[in-house]
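User: Got a model here that I'd like to talk through. Can you take my questions one at a time?

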Amino acid sequence: MALRIAVSQQDLTMTKFALSPLWELSHALRLLAGDPARRDEPVLRPWLAQARDRYQALARETDIGVILALHPPGWGADFLTPVPAGLSTTIADLLDQVRATPADQAHREIAEALRRQPPVNRRIERILASNRVAEYAADVLAAAWQALLEPEWPTLRAILERDVVHRAGQLAARGWAAALTDLHPTLSWREGHIELSRWPADEEVTLAGRGLLFVPSVFVWPRLALTLDPPWPPALLYPARGVAALWEKPGPGSSGALGRLLGASRAAILLALEEPASTSQLARVLGQSLGGTGDHLAVLREAGLVTRARSGRSVLYRRTPVGDALAAGAGALAVGEGAEAGAGGS
């Protein structure tokens, strides 16, 4: 069984990328609450472990049950996840949209959420019946954001932005087949169609010139979410590249011989430029200061190991062929050193 989505040339011109901090928060809350469909997510386990105490404190201090009641298994109230406008959408933008939800719309979606689950407790029921429920929910989400994701958002955002740079470049230069390659095991490109396997029934739909909104996500990992119904435009939410290494910090000496040649910080930057990135993205991911990262990039650029080019509002750095060769050589040398050490110890 598969879903086939017909894509036209007009759809390509209408396609864009966006980030949704509120989508990330909603899925993080589901995970922390113990979503039965996702009890064990090994890649996200380090974050779940460190966020658990903060979540429990949040649950004691706020009515987080209001948000969870609006996300029964396999469904979610649309007014809690408004459509992000683009890559610069902020949590404040999205929470303002939640607060502006008309009461009749909120209550229609609340009724559907309640229909899909066992009865909620009386306090939650009273809050959900209020005409100010959208404002109340936005306040709870704001508190959850501050407690759970705001401290890590710079790093999370850097991962998401780097994925967008990669996907957008593939889409513009080589088309849909390249953009969908390794995006998700269930996705493929076949003769003008996006094909999604493991669908409940054989089905064919068309984007009808509306394009597709690509939204990379950390907390959807390892799943995929597709929406074709209003109020969202056709949208594909997919696991961003690099999530598996998101909470890993380079250890002392992890850059090996390259670190001895360039210095540990510059070597870490060169190795991190597997995909193009801005100064601020690199600083966040590597835990370096912004000024220090900028200084190291300047030295690497003068040495001919990296180059830079403007992409929209950002200046992105990428390795030159010489930089690629040096990084690849460092990897090969590390493998060789490991093998030699193993041989010596036998």
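User: Which residue in β6 is the bridge partner of Lys16?

Analyst: First, this is a predicted model, where local features need pLDDT of at least 70, side-chain atom pairs count only at pLDDT 80 or more, and totals for chains, interfaces and linings use all residues. Residues are numbered from 1 along each chain as its sequence is written, and side-chain values use heavy atoms, leaving out hydrogens and water. Two bridges join β2 to β6 (residues 213-217), and these strands run parallel; strands are DSSP E runs of at least two residues, numbered from the N terminus, and two of them pair if DSSP finds at least two bridges between them. In β6, the partner of Lys16 is Leu213.

User: What is the strand order in that open sheet?

Analyst: The edge strands are β2 (16-17) and β7 (225-227), each pairing on one side only. Pairing in this four-stranded sheet is mixed, and the order is β2-β6-β8-β7.

User: Which helix packs on the sheet?

Analyst: Look for one touching β2, β6 and β8 (235-239), where contact means heavy atoms within 4.5 Å. Its direction makes about 145° with that of β6, with angles running from 0 to 180 degrees between N-to-C directions of axes, lines fitted to C-alpha atoms, for helices over the stretch in contact. Helices are H or I runs of at least four residues, and this one, residues 153-174, is α9.
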